[in-house]
Structure formats: C-alpha cells, structure tokens
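The points are grouped by topic and may be followed with the structure in view.

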Amino acid sequence: MTEEEQQMIDHIVRLIRKPNLSIDENTPLVSSGLIDSMALVDLLLKLEDLTHKRIPPGKVQPKDMNTVALMFATAERVGKARK
Amino acid sequence: MAGSMTGFRNLIDALAAAPGDRPFVTAWIDEDEQETVTFAEFQRCARSQAKMLSEHDVSVGDRVIILMPQSIPAMTTFVGAMMLGAIPAFLAYPNFKVEASKYRSGLAGVTANLKAKVVVIDDAFPEELLGHVSVSEEARLLRTSDSKNVRTEVELPELESHSEGLAFIQHSAGTTGLQKGVALTHSAVLRQLEHLTCALRVDGAKDSVYSWLPLYHDMGLIACFMLPMVYHMRVVMQSPLDWVMHPETMLEIISKYKCTLAWMPNFAFQFVPRRTPRNRWAQYDLSSARALINCSEPVRSSSMREFESAFSCIGLKSGTLQSSYAMAENVFAVTQSEVNRPSGPKQIWADGQRFRSMHLIAPVAEGTPGAVSFTSSGRLLPNNEVRILSESATMLAPGYVGEILIKSDSLFTGYYNRPDLTAKAIAESWCHTGDLGFTLEDELYVIGRKKDLLIVGGENFYPQDIEEIVASHPALHDGRVVAMGLYNADLGTEDIVVVAEVEREELLTDTAEVERELRNLIVAGIGVAVRTIFLKPPKWIVKSTAGKAARSATREKLLKEHPELDVESGESKDA
C-alpha cells in the first residue's frame, strides 16, 4: 500500500467515525453502505489533494470510488496533472 | 393566443437569425480546457444531430430524451430534435453522488411517462443503469458520438410554422420520485423570454451569461440556454458537479469572460464565499456582473449580504444582486426585481407576532425588536398576474400571507401525460404553486413551501426562520440545520423539532449548554419554544445533490433513528 493510500484510509476512518473499523485498500465502501454518496465529494477532493491531480467529477461513477485502490486507479485514469 | 413580438415563429427561427460568427456556448472544463462554438457552428452541429435523429425515424411530435453529460453535444442534440418538430427533454445524467437506487426509480418513472421515440445517451453512460431506461416497443436507444467537428452542411426540410406546437418538455424541480414533465409551446417560451429580457434590459451584443445550472432545470434550460439562444448572447457554462467540487470557479469564469448575468439559488450566495479561501479573493474581478439573480429558493437577505460583503472588494457593484420568482410551469420567471435599483431588491420589516398569528404583514421600522424581515422577489413580468389565496380559498388583500397562484401568457397547459396532476395544479387558468407568500406595494415576497409550514397552536412558523437563527450559533455547522414540525397527539398540534450538526465532534460531549443557548435564541427571535433539539455529529444531516440540507430526507432519517417521535405513522388520522 502506498503512503497516499494509507492517508486516504485514515481520512475515511475519521470521516465515518468508526475508529475501531479496520479497512484496507480493497474494502468495499460504497456498495457496503459504509460511506454515503454525499461523503463522496469530500473523498474526491481529498483524492485530488493526495494525487495532485484535477479529477473531472463527470468522469467518475460510484463504482469508481468503491475501494481506496479503485479511487487511486480512477485518479490515474481520468486525473489531469495540476499546474 | 397571440404570437411573440420578437417576430420569430419559433425558437429555431430565432437561432437562425443569430450573427453566425458570434460565440454562443463556451463549455468550461477546467482552467486549461475550454471549448467554444459560434452560433453558426452550433447550428451546423444541431442540423447534423437532426439528421441523425431523422434517420432513426424521429419526426414531428416525437419525444426525444437526452441523457448526456452537461455539454455542447447535449445542447445541439436538444436543438436538433426541435429542428425536426420533435419534443426533446433533458434528464439528469447519473453521477458519482447520486444514490443509484433513487436514480434508477426516477429514471424508470420519467422515461415511461414520456414514451419517447428515442433516448439519446453518450458512450460513457453506465451499462448497469441502462436496464432502467424505459423505452417503448418501437423506441430506440441511440449512442451519439461527439459531432462537434461536423464541417459538412446538412439540409433539413423547411419546418412548418408551428409556434403553437410543443417545443420541449422541462421537468419541474421535484426532489424525489416522479418529476413532472411541463410541456411548453414555442410561443409560450418566446413570450416568456421577451418579458424577461425587457425586465432585465438584455442586450445580446453586450451581455453574456455565466451558468453552472443543470440543463434539466428551468434556470439552466430557460435562463442559461434558451435566453442566450434567442437573444444571441454568449453563455459560459460549467457542469453543476464541477461547480459543487470547486465553487470558486464561478469567480474565475466571470472574471475571465466578463460575464454580466447569472442565476443562482439562495444557498449558492453563501456557498461560494465560504468555500473560496479568502487569500484568493483578490485574484478575481466581478466588476463585469450587472445582475446576479437569486432564484428558485426563498430569498434570504442574510445570504445576499454575505455574498455582497465578501466580494464588494473585488468589483461587485452595489445593486448587482437581484431576485426573481420562477417556476417551470410558467416557462421560467414570474417576477424580477428592478435591475436599476442601486440597493438591490426591496427589503421590509414586519411585526413578528402579527405575522405568525394573523398571517399579516404589518410593516415596522428596521431593527424593531421581534421584527421579521423579508426580501422581495420583485415585480410581476408583463402579462403575469398573481393572487394570494387563504386556506379557505378566499382571495387575500396585499399584506396577507397565503398560497401564491399565478396566471400568465407563458403558463403551461399541462403536465405531460398526467391529466390527474394537471387538474390539481390548474383551476380556471390559475396555477396553484404550493408556495406561500404575500404581495405588498406591487412586489411579491415568497416565504416557503406550503407543505413545509409549521403550525403550532394556530400560529404559523416557517422552518427557514428557525434554521437561520439556529445556524447563527458558532458551535454549529453553517447551513446544516433542519427545523420540522412533528405532530403531538396529546396537544393536537405540531411541535417544533430541530436537528443541527455541530462543527466538531468533540462538541457533542457536553451539549446542554449549546441547547440552552439555542432555545434562548429561538424564543428571543420568534417567540416559540421548540420541543427537542437534536445535536448531531458532522455530516449527519442528509443533503441534496446541490449541497443543501434536504428537509424531508433528514426528517425520515431522524424518525428512523428516533422512532419514539413518529406518532403519526401509527395513526390513521390522514388515511
């Protein structure tokens, strides 16, 4: 796991306020109901920060945000380097 | 009904009359990527889309559903359908924020009601949602490739003059479930635009529009697409999702393109200054803007003040913030504030007690203890009339609060395929809006939705008033407050319950003090005691796709978590 992925996991654990919950980069988040759709804007902004990319939200679907690994793969696929 | 004074038979004629080399739509993707088409290029692409649709047997009167991301191709497809005399409708495109199950059921309902000949989607439309697009037996699903680079001219047959024919269907802003399709004729749309441009003193050669509004809502479709198309103005548009992610881009776009007009719902006037880091404000220049119009929610003077005081230092002129009352059923605007008034929309103060107990506006001086303030939505557009109706359906005099009824020469004739809903909405040419408001000195003031009204012991309370007071407490998150009425069977009336999010989770360890302060604030502000205040952790309140607290969804969530509050569901009083 990369350092950025770990930072994202820490962020998610804080966000969903279940400190004892153990999640890794492959834990389903959206399909399992752990995070709701409204939290996804926050996660996408965090992903932009961690990857230093601009991620066009129109190219992202809920399934692209289902796990931390998928989030970073999505950033790689659709993200644009920031100036 | 008489045609439009613009002299155009229909919307397509109006587009055809535009100066070909003038920029029409600029799609802002991000700071490095923008795409602009001129009026001539736009028409060429629209004709090509018309050709594509006609090859799939689309003709006069057929419904065409457009399920595409907010983009120039979505707009040219819409106009292409109109060029054939077909009736297009934009529906919301799925995105990462929408609840998949909610989206699916909404999509299935709306598409079934429209019985479209074709449904146009883009190549990226998620496969898993396709099964929920209801397509009638002879209908087709079309994937459209991006046709912006069409260079060849496509000849289309000359359309008959059909100003009284349906131009398109726009959906009323329903929050959940079935949205209602509002069917509009070319002439109704042209008349509305003529009244609106007159009120706003639009000059197509000098004005330009900024928009992040979705094309499937009236503000995005009428004010930010049809208005520029018919009056030959430029519109610089970004997608609602891009805006929600980075609201600061609004300032960037207006500065760069020197846009003069924009429409936004009330919450955006707070959202933009709060989400734009203060140290970046100075990069922007809002001096080009001459009307930023607060529309589609009750207008709050505090939100207007927040925007104005934040951005007056970067060129925002006093009097630029304006207001309007609009609805899909009237094509768009019913009222518009006077654009030349230097102080912006009129604001009044009224006695709070008489407002709540007698539903009467008794003006008092600004700052009078217990006074409530209201911001006007402006004066009626030409050929628009309004009536205020009491609970017992009698017409009320100016200064009395009741349901707003409207009548105009741009009023819709019915909800598409829904005579049941039409019969409920229109009676003797008057449309019952379900909104509450009053008139005073020829101005209309809109207070809220009839169904949101809280009635406690015969006194009316408006959830927005309570929410505004509660949100002013520093321990709470701005805008994350919902006030609601819950039936109290013992008292036979409603009790007021407030749910609010604290700013930081640790504030929940001792809530007694915050609750006490909130009760005091509410009593001091509007003279009512709330039954219960629920303080919840950050992100507890359910929000709409636009980032607003969603009242009914939050109410459902609260009742689920606190079933003891839900005395109504077990009773049959309304059944």
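In this predicted model, chain B and chain A bury about 2100 Å² between them, and 58% of that area lies on carbon and sulfur atoms. Of the area that chain B buries against chain A, 33% is supplied by B:Phe96, B:Met245 and B:Lys539, more than by any other three residues.

**The contact between the chains**

- Chain B contributes 25 residues to the contact, and chain A contributes 21 residues.
- Four salt bridges are counted between chain B and chain A.
- One salt bridge joins the side chains of B:Glu31 and A:Arg54, with a distance of 3.3 Å from N to O.
- Helix α8 of chain B (residues 240-245) provides four residues, the largest share of the side of chain B that touches chain A.
- Sorted by class, that side of chain B consists of ten nonpolar, four polar and eleven charged residues.
- Six residue pairs are in polar contact between chain B and chain A, counting pairs in which both residues have pLDDT 80 or more.

**The sheet in chain B**

- Chain B holds an open sheet of nine strands in the order β2-β1-β10-β9-β11-β12-β13-β14-β17, and the pairing is mixed.
- Strands β2 (33-38) and β17 (379-380) of chain B stand at the edges; each has a single partner strand, so one side of each has no neighbour in the sheet.
- As background, strands of a sheet pair through backbone hydrogen bonds, in either a parallel or an antiparallel manner.
- Strand β9 of chain B (residues 208-211) runs parallel to strand β11 of chain B (residues 261-264), and two bridges join them.
- Strand β9 of chain B also runs parallel to strand β10 of chain B (residues 234-237), to which four bridges join it.
- Which residues stand opposite B:Val209? In β11 of chain B the residue opposite is B:Leu261, and in β10 of chain B the bridge partner is B:Val235.
- In a regular strand, side chains alternate between the two faces of the sheet.
- In β9 of chain B both faces are covered: B:Ser208 and B:Tyr210 are buried on one side, and B:Val209 and B:Ser211 are buried on the other.

**Buried positions in helices of chain B**

- Helix α14 of chain B (residues 463-471) is mostly covered, with eight of its nine residues buried.
- The buried residues of α14 in chain B include B:Pro463, B:Ile466, B:Ile469 and B:Val470, and also the charged B:Asp465 and B:Glu467.
- B:Thr249 belongs to helix α9 of chain B (residues 249-257).
- Is B:Thr249 buried or exposed? B:Thr249 has a relative accessible area of 4%, which is under 20%, and therefore counts as buried.
- Apart from residues up to four places away in sequence, B:Thr249 touches B:Trp28, B:Gln238, B:Asp242 and B:Trp243.

**B:Glu443 and its surroundings**

- B:Glu443 is located in strand β22 of chain B (residues 443-449), and with a relative accessible area of 3% B:Glu443 is buried.
- Beyond its neighbours within four places in sequence, B:Glu443 is in contact with B:Arg341, B:Lys346, B:Ser376, B:Gly378, B:Arg379 and B:Phe438.
- The side chains of B:Glu443 and B:Arg341 make a polar contact at 3.0 Å.
- B:Glu443 also forms a salt bridge with B:Arg379, whose closest N and O atoms are 3.7 Å apart.
- B:Arg379 lies in strand β17 of chain B and B:Glu443 in strand β22 of chain B, so this pair ties together parts that are 64 residues apart in sequence.
- B:Arg379 is partly exposed, at 38% relative accessibility.
- A network of salt bridges links B:Glu338, B:Arg341, B:Arg379 and B:Glu443.

**Other salt bridges**

- Over all chains, the structure has 29 salt bridges.
- A:Asp64 and A:Arg77 form one of them, with their closest N and O atoms 3.4 Å apart.
- These two residues are 13 residues apart: A:Asp64 is in the loop between β1 (53-54) and α3 (68-78) of chain A, and A:Arg77 is in helix α3 of chain A.
- A:Asp64 is buried, with a relative accessible area of 11%, whereas A:Arg77 is exposed at 53%.
- In chain B, B:Arg9 forms a salt bridge with B:Asp13 at 2.7 Å between the closest N and O atoms.
- B:Arg9 is partly exposed at 31% relative accessible area, and B:Asp13 is partly exposed at 22%.

How values were computed: Residues are numbered from 1 along each chain as its sequence is written. Chains are lettered from A and ligands numbered from 1 in the order in which they are written. This is a predicted model: local features need pLDDT of at least 70, side-chain atom pairs count only at pLDDT 80 or more; totals for chains, interfaces and linings use all residues. Side-chain values use heavy atoms; hydrogens and water are left out. Contact means heavy atoms within 4.5 Å. Buried area is the accessible area (1.4 Å probe) that two parts lose on being put together, summed over both. A polar contact is a pair of N or O atoms within 3.5 Å; within protein, one must be able to donate a hydrogen and the other to accept it, and residues adjacent in sequence count only if both atoms are side-chain atoms. Buried means under 20% relative accessible area, exposed over 50%, partly exposed in between (1.4 Å probe, protein chains only). Two strands pair if DSSP finds at least two bridges between them.
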